[in-house]
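Please look over this model with me before we discuss it.

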Amino acid sequence: MDWRIAERMRGLGVESAFIVLGKAKELEAKGMKVYHFEIGEPDFDTPGHIKEAAYRALADGFTHYTPSNGIQELREAIAEYESQRKGVDIKPENVVVTVGAKLAIFAAMMATLNPGDEVIVPSPAYPAYAVSATFAGAKVVKVKLSEEKRFSFGAEDIQEKTGEKTKMVVINTPSNPTGLIMSEQDLRSLAEIAAERRLIVVSDEIYDRIVFDGKKASSILEHCDSLDNVIYVNGFSKTFAMTGWRLGYAITAREVAEHIMKIQLNTVSCPTSFVQRAAIEALKGPQEPVEQMVREYQRRRDLVVEVLNRTPGVRCLKPEGAFYAFPNITELGLSSDKVADELLQKKGVALLPGTAFGEEGEGYLRISFATSIEDLREGLEKFREYAEEKLS
Ligand SMILES: Cc1ncc(COP(=O)(O)O)c(C=O)c1O
């Protein structure tokens, strides 16, 4: 059978984290001890009070379809939570609850981009931005982030790349994979350029509560006058350790929210009913479990940065948020892919090459520290051994 697979599938990549996870599991099945630093998911269990709320919803028979943009109580809870945190006036009509933040990103792009539009995307970056923009027929214009400038994404870069066809800029702060946060100054200038050039800003702030050393990740919402040109994305996966529950949301102008909802309606119908009840509890219930998780990520961050910076041929900036370290390995003299592959095969250390986040990530590795401190200690020791072998 000649399936003549659709042309649009050419642009649809696959996330390397899931591929490396598959390879790592194969090695594990053969009896090898594997250190899992590849996948970006909290190792913590979802806090008990959130699970209880889901059990209650199930026991109450809350097991049917819901409105496509999510239940009213949850949209109200999100609007209140985000208005308070970001100091802007968000109404429930601005909120679309989605099946994961990933669907919010995809639907946001499908709803607003036409073939031929240009989208400015930082690189290295979370791969879903370029994939979704390409799938929508748009052209991705990358801005290479450099370590010398602390992987910042500033006004100059955006000005330089903005042309007649530019329709959107994507930002992600704190960033996956660099772990760094955008400065107030960069956000302010971006908001100004976006207003002046009539650009849509997609701002993925899914790690905004995972920040260290008492810092705060500023939001684009604090710098834009209204939701008129912003699509803000967040979700429950990272903050509340709820990756498998699949719940996220977009906040934007009402008109766009309706189109995002239509994409959801025509694909998955609605987010899972009882998960939405649990999400209300996540937002309104005790926040101590989140604070505890963040403290633990910070402890791990300190260990990871310390070990990496005394590994020969490796240097690493200190992540300010999220749960990723992005060490520079150029002095090892091998490609990121090669190092990542050898570390897995020879030492059982599963991590991602920087190129999983765009070719601009060459020379780097991404290490997720959303895993136990014992595994981090042992796995990074193996990495140190490997680096010593390579340089000897
Ligand atoms: C930057 C970023 N945005 C969005 C997502 C997707 O999150 P969700 O599980 O809500 O789809 C991830 C997951 O790794 C991420 O790193």
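1. Ground rules. This is a predicted model; local features need pLDDT of at least 70, side-chain atom pairs count only at pLDDT 80 or more, and totals for chains, interfaces and linings use all residues. Residues are numbered from 1 along each chain as its sequence is written.

2. Ala, Val, Leu, Ile, Met, Phe, Trp, Tyr, Cys and Pro count as nonpolar, Asp, Glu, Lys and Arg as charged, and the others, Gly among them, as polar.

3. An open sheet of 3 strands has the order 9-12-11, with antiparallel pairing. Strands 9 and 11 are at the edges with a single partner strand each, so one side of each has no neighbour in the sheet. (Strands are DSSP runs of E, at least two residues; helices are runs of H or I, at least four; both are numbered from the N terminus. Two strands pair if DSSP finds at least two bridges between them.)

4. Partners of strand 12. Strand 9 (residues 324-325) pairs with strand 12 over 2 bridges. Here Tyr324 stands opposite Ser368, and Ala325 has Ile367 as its bridge partner. Another 2 bridges join strand 11 (residues 352-353) to strand 12. There, Leu352 stands opposite Arg366.

5. Helices 4 and 5. Helix 4 (residues 101-112) packs on helix 5 (residues 128-135) at about 35°, with axes 8 Å apart. (Axes are lines fitted to C-alpha atoms over the stretch in contact; angles run from 0 to 180 degrees between N-to-C directions.) Lys102, Ile105, Phe106 and Met109 of helix 4 meet Ala128, Tyr129, Ser132 and Ala133 of helix 5. (Contact means C-beta atoms, placed from the backbone, within 7 Å.) By class, this contact has 6 nonpolar, 1 polar and 1 charged residues.

6. Helices 2 and 9. Helix 2 (residues 48-59) and helix 9 (residues 273-284) pack at about 145°, with axes 8 Å apart. Their contact has 9 nonpolar, 1 polar and 2 charged residues.

Note on methods:
Two residues are in contact if their C-beta atoms, placed from the backbone, lie within 7 Å.
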